[in-house]
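Have the sequence and the 3D view open as you read.

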Amino acid sequence: MSDLTAAPSRPAPEPDAGVGGVDVLTVGEALVSLRSSAPLNLGGSLTMHLAGAESNVAIGLARLGHRAAWVGRVSDDELGEFVLRQLRAEGVDTYGVRRDPDRPAGLMFLERRTADLTRVIYQRVGSAGSALGIDDLRGPLAAGPRLVHLSGVTPALSDSAREAVTWVAREAAAVGTPVCLDVNYRARLWSREAARAALVPLAGYASIVVASADELDLVAEPGADEGTAVAGLLRRGVHTVLVKLGADGARAYTRDGVTPVAAVPVTAVDTVGAGDAFTAGYLSGHLDGLDLTGRLGRAVALGAFAVVASGDWEGLPRRDELSLITGSVAGTTLR
């Protein structure tokens, strides 16, 4: 079963080309991520990166040749300029972005505490991104994107951000524009009860819902198991429910049944951003007109690319690199 209208991919846009006619409009907060390979309390050196669930998806799509736009607010200083330069360099349309002279950039500190454990500290209360409002989204949505992608991170930031995300989902659905919602629960931002209160109604506007197995009850009744949660979403009009299983792959539910897909076996270096890459791969496959199996294959391929490199999105492939991770033997050197 199809949940989007397939459209041919196109080259990435020139920076600030304008959001009209984009394949995917993403809405959210882009962060300046400061990464340390040593414990932060020891004063380890930091490297600066771009981060953000929705901007990660936009970059993943742009690298594959789709026209993707990111809309939000950034600080009107050097950190805001850094965010925009990174997005533009990756071919993401930033035409609808607003510079906020009164609020700082949101910050995220990542500490690689052990080889298998990364800790995150946010400094985003009162950030430019958290001040997102409905008026920021009217123009970009009116330009007619083919799809709108949202995550559960942005409505956790503030009342105005929650109202804006709900508004854009409702308005997009009302004119037949498919909405993709990635639950993307962040316990450091809000409680499960607060998340459920916002995300259950938001999921009612979605064509595609993406969640890990432990997030499904945030778009369903409290304590609902996977089958019950999925059945409820499909009854409400969601066309596809994607359940991310990490190293075990994923499951896709439609009204026709369930389709499993195995993960691509790789040596993981950094798992941050893998879920966003998975979503970008799925949406790319659908925009290219692939069937469900093909979309899932591209989704797990992008997830694998994401975890074999450090950073949220730095390891994501160009279109001509898609076969590298699935068509090569481990340890291969291309000469």
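## A buried serine

A residue counts as buried when its relative accessible area is under 20%. The model here is predicted. Ser75 has 1% relative accessibility, so Ser75 counts as buried. Ser75 sits in strand E5, which covers residues 73–75.

## Salt bridges across the chain

Side chains of opposite charge can pair when their charged atoms come close. How many salt bridges are there? The count comes to 24.

Take Arg35 and Asp270. Their side chains form a salt bridge at 2.7 Å, N to O. Arg35 belongs to strand E2 (residues 31–36), while Asp270 is in the loop between strand E14 (257–261) and helix H7 (274–287), so the pair ties together parts that are 235 residues apart in sequence. Both Arg35 and Asp270 are buried.

Next comes Arg67 with Asp93. The closest N and O atoms of this salt bridge are 3.5 Å apart. Arg67 is in the loop between helix H1 (53–63) and strand E4 (68–71), and Asp93 is in the loop between helix H2 (78–89) and strand E6 (98–100), so this pair ties together parts that are 26 residues apart in sequence. Arg67 is buried, at a relative accessible area of 15%. Asp93 is buried too, at 0% relative accessibility.

Asp217 counts as buried at 12% relative accessibility.

Some salt bridges share partners. In this way Arg73, Arg98, Asp100, Arg103 and Asp136 are joined into one network.

Strand E12 runs over residues 240–244, and five of its five residues are buried. Both faces are covered. Thr240, Leu242 and Lys244 are buried on one side, and Val241 and Val243 are buried on the other.

Which way do E11 and E12 run relative to each other, parallel or antiparallel? E11 and E12 run parallel and are joined by five bridges. Lys244 in E12 is the bridge partner of Ser212. The chain crosses from E11 through H6 to E12, and this β-α-β crossover is right-handed.

The pairing of E12 with strand E13 (residues 250–254) is antiparallel and has four bridges. Val243 stands opposite Arg251 in E13. The hairpin of E12 and E13 has five residues between the strands. In this hairpin, Gly246 takes a positive phi near 65°.

## A partly exposed arginine

Arg88 is in helix H2. Its relative accessible area is 26%, so Arg88 is partly exposed. The C-alpha atoms of Arg88 and Ile59 are separated by 9.5 Å, while the two residues are 29 residues apart along the chain.

## The chain as a whole

The chain has nine helices and 14 strands. Its C-alpha atoms fill a box of roughly 50 × 50 × 40 Å along the principal axes. What radius of gyration does the chain have? The chain has 19 Å, which agrees with a compact globule of 335 residues, for which the value would be near 20 Å.

Buried residues make up 56% of the 335 residues. Among contacts with a separation of 6 or more, 70% are between residues 24 or more positions apart.

Key. Residues are numbered from 1 along each chain as its sequence is written. This is a predicted model: local features need pLDDT of at least 70, side-chain atom pairs count only at pLDDT 80 or more; totals for chains, interfaces and linings use all residues. Side-chain values use heavy atoms; hydrogens and water are left out. A salt bridge is a side-chain nitrogen of Lys or Arg within 4 Å of a carboxyl oxygen of Asp or Glu. Helices (H or I, at least four residues) and strands (E, at least two) are DSSP runs, numbered from the N terminus. Buried means under 20% relative accessible area, exposed over 50%, partly exposed in between (1.4 Å probe, protein chains only). Two strands pair if DSSP finds at least two bridges between them. A crossover is right-handed if, with the strands pointing away from the viewer, the path from the first strand over the helix to the second runs clockwise. The radius of gyration is taken over C-alpha atoms; the globule rule is 2.2 Å times the number of residues to the power 0.38. Contact means heavy atoms within 4.5 Å.
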